Amino acid sequence: MSAFLFSLVAVFLTSLGSRDQVLIARLSGVLGRNYALLVLGCLIAAGTAALMTAAGAHIGAMLPGPAKTMLAAFALIMASAELAWPNRVRKPVEPTRSLGAIGIVLLARQFGDASRFLIFAFAAGAGLSWFAGAGGAIGGMAAVALGWVLRGDLEAVLPLRTIRTVLAVVVGIAAAVIALSARGLI
């Protein structure tokens, strides 16, 4: 149960200001609170969480303990780098109303984001990977829903760049500690 809760909170926090959340917020601001957009965003968040959980669990099962821990540390390093990377998403001028096109863009934006790296790391390193995956899916859906609810106010209400920078440092420190402990140095 702790894997579920930890993953839920970690994924929600690292999704704040992510490219997919900002896109949903901006599209919701331009298109209005379209429930189909919310459902699509939640389905894609759950789907990418399931795929990253499956990938992490599969690869983690092939590795011995220390290698599994190093893989999780590497995934956290990638998450930290993605969090530190500036998010420059252009505002949609004439957004498409095609849910298929929006879905493809959301899917592409979620596969390389910090939250999905965290889900992969939890699944690769944890024995209860599907609990971590379920928590990650719910955390990702909550972040999408927050963007949908706040619409254009998301970027005005929350200091997204500061949040992402602080989280990049925290995740980077966690990655370093995990990597050092896997090597037996601490």
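**Notebook: helix packing in a predicted model**

I began with helix α6 (residues 114-125): its 12 residues should span 16 Å at 1.5 Å a residue, and its end C-alpha atoms are 16 Å apart, which agrees. The expected span is 1.5 Å times one less than the number of residues. Helices here are DSSP runs (H or I, at least four residues), numbered from the N terminus.

I noted that this is a predicted model, in which local features need pLDDT of at least 70, side-chain atom pairs count only at pLDDT 80 or more, and totals for chains, interfaces and linings use all residues. Residues are numbered from 1 along each chain as its sequence is written, and side-chain values use heavy atoms, with hydrogens and water left out.

**Entry on α6**

I looked up how covered α6 is and found 11 of its 12 residues buried (under 20% relative accessible area, with a 1.4 Å probe and protein chains only; exposed is over 50%, partly exposed in between). Among them are Arg-116, Phe-117, Phe-120 and Phe-122. These buried residues pack against α1, α2, α3, α4, α5 and α7.

**Entry on α3 and α7**

Two packed helices are described by the angle between their axes and the distance between the axes. I read an angle of about 155° for helix α3 (residues 35-62) and helix α7 (residues 129-150), with the axes 8 Å apart. α3 is therefore roughly antiparallel to α7. Axes are lines fitted to C-alpha atoms, for helices over the stretch in contact, and angles run from 0 to 180 degrees between N-to-C directions. Angles over 145 degrees count as roughly antiparallel, under 35 as roughly parallel, 65 to 115 as roughly perpendicular and the rest as oblique.

I recorded the crossing of α3 and α7 as right-handed; that is, the near helix is turned clockwise from the far one by less than a right angle, anticlockwise being left-handed. On the α3 side the contact (heavy atoms within 4.5 Å) includes Gly-41, Ala-45, Ala-49 and Thr-53, and on the α7 side it includes Gly-133, Gly-140 and Trp-148. The residues of this contact divide into 16 nonpolar, 6 polar and no charged. Ala, Val, Leu, Ile, Met, Phe, Trp, Tyr, Cys and Pro count as nonpolar, Asp, Glu, Lys and Arg as charged, and the others, Gly among them, as polar.

I also checked Thr-48, which is found in helix α3. Thr-48 is buried, with a relative accessible area of 0%. Leaving aside residues up to four places away in sequence, Thr-48 touches Leu-107, Gln-110, Phe-111 and Arg-116.

**Entry on α1 and α7**

I found α1 packed on α7 at about 30°, with axes 7 Å apart. This crossing is right-handed. Phe-4, Leu-8 and Phe-12 are among the α1 residues that meet α7, where the partners include Phe-131, Gly-135 and Leu-146. The contact of α1 with α7 holds 12 nonpolar, 6 polar and no charged residues.

**Entry on α2 and α5**

I read about 155° between α2 and helix α5 (residues 99-111), with axes 9 Å apart. α2 is thus roughly antiparallel to α5. Arg-19, Asp-20 and Leu-23 are among the α2 residues in the contact, and Arg-109 is one of those in α5. The division is 7 nonpolar, 1 polar and 3 charged.

**Entry on α9**

Finally, I looked up helix α9 (residues 160-182), whose 23 residues reach 32 Å from first C-alpha to last, close to the 33 Å expected. Its buried residues include Arg-164, Leu-167 and Val-171. They pack against α1 (2-15), α2 (19-31), α4 (65-84) and α8 (154-157). Gly-184 follows α9 and has a positive phi, near 80°.

How values were computed
Helix = DSSP H or I, 4+ residues; strand = E, 2+ residues; numbered from the N terminus.
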